[in-house]
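Here is a short briefing for a reader who is meeting this protein for the first time. Please look through the sequence and the model before reading on.

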Amino acid sequence: MLYFVYGGENVYNVMDVARYVVNYSIEIGRPVSNLKLQKLLYFIQVAFISQYGLPCYEEPIIHWRHGPVVESVYQKYKAYGAENITDKELEYFSFSFNVDTRSFMIEPKKYNESVFEFSHLMLIRSIIESYKDTSPWEMVDLTHKEEPWKRTDRNEEITVNMIKQCYS
């Protein structure tokens, strides 16, 4: 099991979660746009917090005009605009900076869904399957009805604690 640990909680890298959503959506013939990906990431986070009491990933979710957004994922996929993401994420580059040696490393990596615990993978899949026939704009409307959305203003973080309060 290869997930990250911080503050005593097990979390995944949000880019691995996004890659899984993109790849699985393509596999089932329902590719997602960046807009829909953002909403799925929100509902995945809610599901993890509701089911396990822990977040799926640590990156903040921000209240944007069209719903919750994980900015790092948005930046990665924004080149697709409103179009569906149709390229599977099988390889990617990992970037790191060593402060001591002041060196920058770019390392090619292969995507591997084995980073996910099986039960977590099944929960993520269930969210994707639940919304596979829902349009991105319908998902925007759904997120705008959520309590965490209503309790925040534009550019504010929708915190894990807020989600816990709303769904416990």
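The model is predicted. The protein has 168 residues, and buried residues make up 40% of them. It holds 7 helices and 7 strands.

**Overall fold**

- Along the sequence, the elements run β-β-α-α-β-β-α-β-β-α-α-α-β-α.
- Helix α1 covers residues 14-27, and α2 covers 34-52.
- Helix α4 spans 118-131.

- Helix α2 gives the most, with 4 residues.
- By class, the lining has 6 nonpolar, 6 polar and 3 charged residues.

**The cavity**

- The structure has 1 cavity of 30 Å³ or more.
- The largest cavity has a volume of about 30 Å³.
- Its lining includes Ser-25, Ile-28, Arg-30 and Val-32.
- Lys-36, Leu-40, Ile-128, Tyr-131 and Lys-132 also line the largest cavity.
- Helices α2 and α4 each supply at least two residues of this lining.
- By class, the lining of the largest cavity has 5 nonpolar, 1 polar and 3 charged residues.

**Salt bridges**

- The count of salt bridges comes to 5. Three of them are described here.
- Asp-16 and Arg-19 form one of these, at 3.3 Å from N to O.
- Both residues sit in helix α1, 3 residues apart, which is about one turn of the helix.
- Are these two partners buried or exposed? Asp-16 has a relative accessible area of 10%, so it is buried. Arg-19 is at 6%, so it counts as buried too. The cut-off for buried is under 20%.
- Lys-132 and Glu-129 form another salt bridge, at 3.1 Å from N to O.
- Lys-132 counts as partly exposed because its relative accessibility is 30%. Glu-129 is at 29%, so it is also partly exposed.
- A further salt bridge joins the side chains of Glu-147 and Arg-151, at 3.6 Å from N to O.
- Glu-147 is partly exposed, at 35% relative accessibility. Arg-151 is partly exposed as well, at 45%.

**Around Glu-129 and Ser-25**

- Glu-129 belongs to helix α4.
- How many residues separate Glu-129 and Ser-25 in sequence? They are 104 residues apart in sequence, and 8.6 Å apart in space from C-alpha to C-alpha.
- Ser-25 is one of the residues lining the largest cavity. Lys-132, the salt-bridge partner of Glu-129, lines the largest cavity as well.

**A nonpolar surface patch**

- Phe-97, Val-99, Phe-104 and Ile-106 make a nonpolar surface patch of about 460 Å².
- Ile-106 lies in strand β6, which covers residues 103-110.
- Where does Ile-106 fall on the scale of accessibility? Its relative accessibility is 48%, so it counts as partly exposed. Exposed means over 50%.

**A residue with positive phi**

- Asn-155 has a positive phi of about 70°, although it is not a glycine.
- At 55% relative accessibility, Asn-155 counts as exposed.

Key. Residues numbered from 1 in each chain as written. Predicted model: local features only at pLDDT ≥ 70, side-chain atom pairs only at ≥ 80, totals over all residues. Heavy atoms only, no water. Patch = residues over 30% accessible without salt bridge, like charges linked within 9 Å, V, L, I, M, F, W, Y side chains within 5 Å. Areas by Shrake-Rupley, 256 points an atom, 1.4 Å probe, with all protein chains shown as cover. Salt bridge = Lys/Arg side-chain N within 4 Å of Asp/Glu carboxyl O. Buried < 20%, exposed > 50% of the residue type's maximum accessible area, 1.4 Å probe, protein only. Nonpolar A, V, L, I, M, F, W, Y, C, P; charged D, E, K, R; others polar. 1 Å grid on protein atoms, 1.4 Å probe; cavity = no way out; pocket = protein on both sides within 12 Å on 5 of 7 lines; lining within 4 Å. Points joined across faces, edges and corners; volume = space filled by probe spheres on them.
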